[in-house]
Amino acid sequence: GAGGMAFADVVLSDSPHTVVLVDRRAAPGGHWLHAYKFVRLHQPGSYYGVASEPLAPPGDPNYRHTGAEIVAYYARVLAKFVGGGRARFYGGCEYRGDGTFRSLASDGRAYRVRVRRRIV
């Protein structure tokens, strides 16, 4: 969700470490992927999102984004993370503990991550 993306953003911006993101949903965006179409941010976009990628449109710091805009924003942020070569995203997977996670698709493929620092 939003908290995990914000945390990953700080790790990627302020350290040389890599990040593996595991999410039950197939795409980033948390509950915004399933929110009602009429739902908007309850606060201005300038107070939401990740530090390295401003959400507020230029010239309007009080704009309250729609759910579709939030989903598109998190897709861009994830593309930036992965495109930088230090992040991997495993959507549609569930963390099982001890550095392992499994696909929620019918194949149930299992993964293991070698953790060098810490699982958060």
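View 1. E53 is partly exposed at 24% relative accessibility (partly exposed lies between buried, under 20% relative accessible area, and exposed, over 50%; 1.4 Å probe, protein chains only). K80 is also partly exposed, at 34%. Their side chains form a salt bridge, 3.4 Å from N to O (a side-chain nitrogen of Lys or Arg within 4 Å of a carboxyl oxygen of Asp or Glu). The pair links distant parts of the chain: K80 sits in helix α2, E53 in the loop between β1 and α2, 27 residues apart (helices, H or I, at least four residues, and strands, E, at least two, are DSSP runs numbered from the N terminus). This is a predicted model: local features need pLDDT of at least 70, side-chain atom pairs count only at pLDDT 80 or more, and totals for chains, interfaces and linings use all residues. Residues are numbered from 1 along each chain as its sequence is written, and side-chain values use heavy atoms, leaving out hydrogens and water.

View 2. E94 bridges to R24, with the closest N and O atoms 3.1 Å apart. This pair spans 70 residues, from E94 in strand β3 (residues 93-97) to R24 in the loop between β1 and α2 (67-83). R96 forms a salt bridge with E94 at 3.2 Å. Shared partners join R24, E94 and R96 into one network. R24 is exposed at 59%, R96 is exposed at 52%, and E94 is partly exposed at 22%.

**View 3. D23, buried without a salt bridge.** D23 lies in strand β1 (residues 19-23). The nearest side chain of opposite charge, R25, is 4.6 Å away (Lys and Arg count as positive, Asp and Glu as negative; His and the chain ends are not counted). Beyond neighbours within four places in sequence, D23 contacts G1, F89, Y90, G91, G92 and C93 (heavy atoms within 4.5 Å).
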